[in-house]
Structure formats: C-alpha cells, structure tokens
Amino acid sequence: MAEPQKYLPGVDEEEGENDGPLIDPRAEQEAERIAEALVFASAQPVSETYIASRLPGGTKVPRIMARLKAIYASRGVNLVQVADHWAFRTAADLSFVVQTDEQEVRKLSRAALEVLAIIAYHQPVTRAEIEDIRGVQTSKGTLDVLMEAGWVRFRGRRRTPGRPVTFGTTRDFLDHFGLEELRDLPGIEELKGAGLLSGRVPSNLHIPVPMGDDDLAENEDPITQLDLEELGLLTPKGEEAD
C-alpha cells in the first residue's frame, strides 16, 4: 500500500497540487534553516537568487521565505521583503527601543523631498520632466544628495534627441521607507489621511502607479559602461584612477 503524501503545516492541499507535493517536510525545514542563516548573516538584503544557489535544486524559495516571514511576523525582528531581496528588520512598533541619540537622522530639504517624490511616482523620469512637474529648475546638488543617500540612481537613457538620462529609485529607497515594492507607495487617499496633501487638491490630480523597479520603458535604453564614463561615474578605459 502506497504511503500517503505528506504536506507541510500551513500549506493547503490545493497549493500542494499546484506546486507539487512535499514528500519530505524535514528537507523543507532544513531549507528554511539555511535560508534563515543566510539572511541573518548578511548586513545587506539577500537576493532570492543567492538563497536559491545555496539550497538544493528544485527548492521553492518564495514559499520558503513566505513561511519564514510568517514565523517572524509577531517577533521582535521581522523578515521583510525588499523587491526580490530579504532582510531582518526590527519590528516597526519596537523601533523606539533600539534608537540612540548617536543615530544620525538624515534630513532632506523641501526641494530634495519634492524631487524624490517625483522620481518615485513618475520613474523613469528625466531632469527636464522633473523640472516641468515642479515648475522650477532642479539643481544638480539636489540630485547629488539623493544619489549619495543611495535612494536615486541612473536608470537608463531616453530614446529622444540628446538621449537624456532617466532617474529611478533604488532598493535602498524601498528598504529605508519600509516598502516591499514600488506599488506599495501610498495613493492619494493615504497621503490625504497622513496630512501630506491639502484637502483642496485639484479633482484631476493623478498619482501614477510606478513601473517595476527594474523594468525599462519601451523608449528607454539601459545605461552602459560608456554612458557611465560620459557621466563621470567611471574612469575611462585605459586611464588610471587618481
């Protein structure tokens, strides 16, 4: 008589049928322990690709991480997803416990906050488009501050005359603001509720849903090494750095 198939607690039969039966719960548990150790040992969010490379072939990493996330949901530290990366973070309601007076609070100017918001909601966006939305010129220093903070990056180049550079947010931006993905950015009603929008906002105000963080638009080319050299971010080939 064949032994009945075994399913992990918390995984219903329908899910098992879709994803394949879990014959050995012990192997799944060991995979969870390995994934947990990999994330715990890293100071930076760990990619699912890296986790998969350290687990037995065929292991369903998203399910492993979802189960670990549920396990840590009520603990002092939570397992959080940042795009396709994972990290342990102090539970939001306990952040005050670990804060110290020595921690530096990064404060942005109003102009920097406006530019960051425009990039977050309208990416991919060029500097000219940012200025068109704000109605004023944007200084290079403002963009430099956001890039030095690690929250804004060069995404690509627009396929228009002059091939202007496009800007987008980074994974560190998502991590800092506690977002799993760009689509978790607050909408108009949430912004109003938080007091960040006046009650007299125009009726036709539209806050776009951002694209996926790494998705290039149809009229956007990826940044190449030559582009980075042109933008002064890489030493040209054949030249030594100072």
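This is a predicted model: local features need pLDDT of at least 70, side-chain atom pairs count only at pLDDT 80 or more; totals for chains, interfaces and linings use all residues.
Reader: How many of the residues count as buried, and what does the term require?

Author: Of the 242 residues of the protein, 32% count as buried. A residue is given that label when its relative accessible area is under 20%.

Reader: Why is alanine 27 called partly exposed?

Author: Its relative accessibility is 44%. Buried requires a value under 20% and exposed one over 50%; 44% lies in between, and therefore alanine 27 counts as partly exposed. This residue belongs to helix H2, which covers residues 25-41. The C-alpha atom of alanine 27 is separated by 9.1 Å from that of proline 56, 29 residues apart along the chain.

Reader: Why does phenylalanine 96 count as exposed?

Author: Phenylalanine 96 has a relative accessibility of 59%. The label exposed requires over 50%, so phenylalanine 96 qualifies. Its place is in helix H5, residues 95-98.

Reader: Which residues form a nonpolar patch on the surface?

Author: Leu94, Phe96, Val97 and Val98 form it, and together they have about 380 Å² of accessible area.

Reader: What share of the contacts with a separation of 6 or more comes from residues 24 or more positions apart?

Author: Such residues account for 54% of those contacts. The protein has 11 helices and seven strands.

Notes:
Residues are numbered from 1 along each chain as its sequence is written. Side-chain values use heavy atoms; hydrogens and water are left out. Helices (H or I, at least four residues) and strands (E, at least two) are DSSP runs, numbered from the N terminus. Buried means under 20% relative accessible area, exposed over 50%, partly exposed in between (1.4 Å probe, protein chains only). Patches are made of residues with over 30% relative accessible area and no salt bridge: like charges are joined within 9 Å, nonpolar side chains (Val, Leu, Ile, Met, Phe, Trp, Tyr) within 5 Å. Accessible areas come from the Shrake-Rupley method with a 1.4 Å probe; for residues, only the protein chains shown count as cover. A salt bridge is a side-chain nitrogen of Lys or Arg within 4 Å of a carboxyl oxygen of Asp or Glu. Contact means heavy atoms within 4.5 Å.
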